[in-house]
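I opened my notebook to look around a model and its ligand.

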Amino acid sequence: MKEQIEALRREALDAIAAAGDLKALEETRVRLLGRKGRLTEILRGISQTPPEDRPVLGQAANAVKADITAAIEARRNALEAQAESERARAEWVDLSLPGRRPPRGHMHVINQVYDEILDIFHELGFQVATGPDVETEYYNFDSLNTPPDHPARDSHDTFFVKPGVVLRTHTSPVQMRVMEKTAPPVAVVVPGRVYRVDYDASHSPMFNQVEGLLVDEGVTFADLKGSLMLFIHRFFGRDTRVRFRPHFFPFTEPSAEVDISCTVCKGQGCRVCKHSGWLEILGCGMVHPNVFAYAKYDYEKYTGYAFGMGVDRIAMLRHAISSIGHLFENDLRFLEQF
Ligand code: PHE
């Protein structure tokens, strides 16, 4: 019996030392001290021995139990410290490292230009209106004094969705949509995408316009000129020269195209302005009485002006962008410059 107790001590201390982790240690503890463990077995054995031997054996067994318990406790502390230091090493963070900034986006250059344009007209009392990209031929053409056989329809290179329905070729249909819903006076600017069958370095099948419409009693071409001059001087700078060239649009009469002195060469002549010194930026005119008739506006009482400008072109002039494709190809190396 005595030898058995001594053997258990040696065996137990070896097993505890060999336990590689907390789980193995717990299993060892149960095997040694548990209800069906080795020590319990020995204690039971003691009750079978002659009574005079029992105190000595009992003492020896208790001493072994105390040693085993202490050894397990020591081993547990060591394993816990080891696990802790391993975790600390795995989760180590250098708090002195500089932080990594999350990449921050910004508005697309086209939207920046939209905002600048709309802000200027907002100050002049214009409100923002919008309309659908998929538009009926009625709003895109007919109601704008452009009947089916009108030659101006050809020049628009229209995308057809189905008979009678098109991708709008300009933002002008929103003029009619606004007038149908609003009694004069009206003053609106209309940002929006427009579509034409056209694709080269300066034309894209989808591009952006800002339309303007102002209707009231006594509005004249001088008001149109004044507002557009103010806009151009604000947007392109005070020293920009402006030229109104007679032009034709079915929905305005008289009509004009507006040129500004070249922003690149200041009018000296360069590749951007094709050596003319001038750049065309918008079309405009006095609202045609027939358009007012479609809108059920009294064209004896009211007059108005309208204009439409190409936002992509204006963005390209402002930032010396060589190809319109850059504006929608979403190459970050391009976009991040703005
Ligand atoms: N809608 C015309 C275009 O896209 C521009 C325009 C708008 C002209 C309003 C006159 C009045 O070319």
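My entries follow, starting with the ground rules and then the ligand.

**Ground rules.** I am working with a predicted model, where local features need pLDDT of at least 70, side-chain atom pairs count only at pLDDT 80 or more, and totals for chains, interfaces and linings use all residues. I number residues from 1 along each chain as its sequence is written, and side-chain values use heavy atoms, with hydrogens and water left out.

**Who surrounds the ligand?** I looked up the shell, taking a residue as near if one of its heavy atoms lies within 4 Å of the molecule. I found 14 residues around the ligand, and the closest are H170, S172, R196, Q209 and E211. By class, the shell holds five nonpolar, seven polar and two charged residues.

**Which strands contribute?** Strand 6 (206-216), strand 9 (278-287) and strand 10 (303-310) each supply at least two shell residues. Strand 10 gives the most, with three. Strands here are DSSP runs of E with at least two residues, and helices are runs of H or I with at least four, numbered from the N terminus.

**Polar contacts.** I checked pairs of N or O atoms within 3.5 Å. The side chain of H170 has an N or O atom 3.0 Å from a nitrogen atom of the ligand. The protein covers 92% of the 320 Å² of accessible area that the ligand has on its own, by the Shrake-Rupley method with a 1.4 Å probe.

P184 and P185 are joined by a cis peptide bond, with omega about 5°; P185 is in the loop between helix 7 (173-181) and strand 5 (186-195). Another cis bond joins E253 and P254, with omega about -5°, and P254 belongs to strand 8 (residues 252-261). N145, not a glycine, has a positive phi of about 60°. I located N145 in the loop between helix 6 (137-140) and strand 3 (160-162).

How values were computed: Polar contact = N/O pair within 3.5 Å; in protein donor to acceptor, adjacent residues only side chain to side chain. Nonpolar A, V, L, I, M, F, W, Y, C, P; charged D, E, K, R; others polar.
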